[in-house]
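Have the model open while you read.

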Amino acid sequence: MDVFKPAEPILTRLIEAGYEAYIVGGSVRDYLLGRPINDIDIATSARPEDVSALFSQVIPVGIEHGTVIVRHDHTSFEVTTLREETTYSDRRHPDKVNFVTDVTKDLARRDFTMNAIALTQMDALIDPFGGQVDINHKRIRAVGNPAARFNEDPLRMLRAIRFSSQLGFAIEQKTKTALTESLALIDHVSIERIHVELDKFFQGVYLHEALMLEETEQLLLRLPFFKEFTTVMDDLKRVKRAFHSLIDALVYIGFRHQNTALKSVYEAYRLSNVQKREANMLYTSLTCYQSQQPLPLIAYHLTPQLYHRFTDLADRLFDETLSLEDLTKIHQQLPIHSKQDIALSGNDVMQLFPERKRGRWIGHILDQLEEKIITGELPNQREQLKEWVIWSYPIEKKSFNY
Ligand code: ATP
Ligand code: MG
């Protein structure tokens, strides 16, 4: 099967060394669904140290859980030793990981039947829990007893709704009942794990359908930020298409509720500094747009890489909006793209006022020039800028004293 070709050398190496090796997890599911596959995960009877010895490029990411990343031809493969998991007393990590040789045991620890199918090198499917039937019926069904499985790892509840958002599948009845009865357990799950699943949830093609599910509402309303707003679900039910990411969804909700305490949300979801910056830029640009600031100013201050996310959010939030093409055109027509492009430098400004000491006033003048050039009030021409500065800041002006 062509899509799995990149994994071929890894499987062959393991099998020739006398071990069992299978392709498992999401890539098998997506292949059966005819969807493009993401990362190819491999399960093997080889122990992590054996895997490490067999390949030249390995990254030991989770040896104690049996996972080694093998690099081959610029691609990474997660190679995990077949294992079963014992009790989860902290509802986060299994108390003990037992390596096993039976692939069925490994499949039994997986969350849903569609994710518990193994593919052999000979293209045979090992599907002990009826995963293919569930895939054909578009059903998300827990492997084994759903209540016990959610109790072991409550993140699986959120995974169920993220798969329904990604795949448009329905949650099978018993799984759904167990989920509804186990909701409170989500409080035990770390925010980092929740972040990963929520991010995929908000990017799902079937997001709208998933947001209409009762179990989605019940689960979301237990999560940080979402639980703070009584009307958050009304806003979310209006959402008709996928977000770029969880961050954009947070900005959208924050904006709808005029929530200025976004900082605490960023902390709650442990956003990286880059993500915080993106969220702030998007939020600020939306505020400027709402208060009808000149579009060139928005185009100037917003990083072009965020234009599509900004226009997407603006489209959701305001009636009359601007397209990505329009914003890009405005960007192309900007007279300057940074302060460095201003035809008058800080030194030039200082020379206009030789008796003044260096200070914040220089930056203040440059800020004004910048804005006036962008909005077209002033041409970006040295002599005209000089004239404007002299005219606006006569020497005796007291306002210089800051
Ligand atoms: P995606 O294509 O979005 O990556 P995925 O199914 O590959 O989806 P991963 O989170 O990458 O999801 O997990 C890989 C596999 O590991 C899953 O298909 C499933 O078999 C198993 N798995 C992951 N998380 C859990 C969990 N919390 N409980 C049980 N099994 C899990
Ligand atoms: Mg995966």
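Which helix gives the most to the shell around ligand 1? Helix 7 does, with five residues.

1. Ground rules. This is a predicted model, where local features need pLDDT of at least 70, side-chain atom pairs count only at pLDDT 80 or more, and totals for chains, interfaces and linings use all residues. Residues are numbered from 1 along each chain as its sequence is written, chains are lettered from A and ligands numbered from 1 in written order, and side-chain values use heavy atoms, with hydrogens and water left out.

2. Who is around the ligand. Ligand 1 has 18 residues around it (a heavy atom within 4 Å counts as near). The closest are Arg-29, Asp-153, Arg-156, Arg-159 and Arg-162. By type, the shell splits into twelve charged, five polar and one nonpolar (Asp, Glu, Lys and Arg are charged; Ala, Val, Leu, Ile, Met, Phe, Trp, Tyr, Cys and Pro nonpolar; the others, Gly among them, polar).

3. Polar contacts (N or O pairs within 3.5 Å). Oxygen atoms of ligand 1 lie 2.9 Å from a side-chain N or O of Arg-159 and 3.3 Å from one of Asn-38. Asn-115 uses a backbone N or O atom instead, at 3.0 Å.

4. How covered it is. Taken alone, ligand 1 exposes 590 Å², and the protein buries 80% of that (Shrake-Rupley areas, 1.4 Å probe).

5. Where the shell comes from. Helix 2 (26-33), helix 7 (155-167) and helix 9 (191-202) are the elements giving two or more residues (helices are DSSP runs of H or I, at least four residues). Domain 1 (1-137) and domain 2 (138-239) each supply at least three, with bounds from an automatic or database assignment.

6. The rest. The assignment also gives domain 3 (339-392). The C-alpha centres of domain 1 and domain 3 are 62 Å apart.

Terms used: Polar contact = N/O pair within 3.5 Å; in protein donor to acceptor, adjacent residues only side chain to side chain.
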